[in-house]
Amino acid sequence: MHLRSLAYRTDLALLELAGSKVEDRGTHLVVRTPQNPTFYWGNFLLLARPPAADGGEHWLDTFEREFPGTRHRAFGVDGTDGSTADLAAFDGQRGDHREEQVAEPLAGLQPPDHSESPHGGKPR
């Protein structure tokens, strides 16, 4: 699965450096932190796209297969657009509580000016 979100690319790189394992299933990634199975954002499914309107049960079942016995359920959705409304498939599923977070890129961020070095020289 090709990640579009810079936020998830960064998160996964840091998780892997800390010992987490990332398994590509094509339609989603399985992120595991065997040394800390109760770490929500170290043990989650990262979906390639928002679930279909009737897809909430499918993803809950998939999570339970990948993480048997886990008390939490954590899902991420890759992308660079969309909204929390895209998660409606999980509404009311199995009485679960849902928290939503959106990672937004920094607007107006400009690369530094490297036209001159602090010592008066010019980069090549």
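**Entry 1: strand E3**

I began with strand E3 and looked up which of its faces are covered. Both are: Phe 44 and Leu 46 are buried on one side, Leu 45 and Leu 47 on the other. I take buried to mean under 20% relative accessible area, with exposed over 50% and partly exposed in between, using a 1.4 Å probe and protein chains only. Helices (H or I, at least four residues) and strands (E, at least two) are DSSP runs, numbered from the N terminus.

A note to myself on the source: this is a predicted model, where local features need pLDDT of at least 70, side-chain atom pairs count only at pLDDT 80 or more, and totals for chains, interfaces and linings use all residues. Residues are numbered from 1 along each chain as its sequence is written, and side-chain values use heavy atoms, with hydrogens and water left out.

**Entry 2: the sheet around E3**

Next I looked up the neighbours of E3. The sheet is open, with 4 strands in the order E1-E2-E3-E4 and mixed pairing. Strand E1 (21–24) and strand E4 (75–77) are at the edges with a single partner strand each, so one side of each has no neighbour in the sheet. On average, neighbouring strands are turned by 20° against each other, direction ignored.

I then went through the pairs; two strands pair if DSSP finds at least two bridges between them. E1 and strand E2 (residues 28–32) are antiparallel over 4 bridges, and there Glu 23 stands opposite Val 30. E2 and E3 are also joined in the antiparallel sense, over 4 bridges, with Val 31 opposite Phe 44. E3 and E4 run parallel and are joined by 3 bridges; Leu 47 has Val 77 as its bridge partner in E4.

**Entry 3: the two helices**

Which strands does helix H1 lie across? I found that H1 (residues 6–17) lies across E1, E2, E3 and E4, at about 145° to E3. Helix H2 (residues 56–66) lies across E1, E2, E3 and E4 too, at about 135° to E3. For these angles, axes are lines fitted to C-alpha atoms, for helices over the stretch in contact, and the angles run from 0 to 180 degrees between N-to-C directions. Contact means heavy atoms within 4.5 Å.

I listed the buried residues of H2: Gly 56, Trp 59, Leu 60, Thr 62, Phe 63 and Glu 66. They sit on the same side of H2, because they cover an arc of only 160° around the axis; the arc is that of the directions from the helix axis to the C-beta atoms. Their cover includes E1, E2, E3 and E4.

**Entry 4: His 28**

Leaving aside neighbours within four places in sequence, I found His 28 in contact with several residues, among them Met 1, Glu 23, Leu 46, Trp 59, Thr 62 and Glu 66.

**Entry 5: the whole chain**

Last, I stepped back. The chain has 2 helices and 4 strands, which follow the pattern α-β-β-β-α-β along the sequence. Of its 124 residues, 31% are buried. Among contacts with a separation of 6 or more, 52% join residues 24 or more positions apart.
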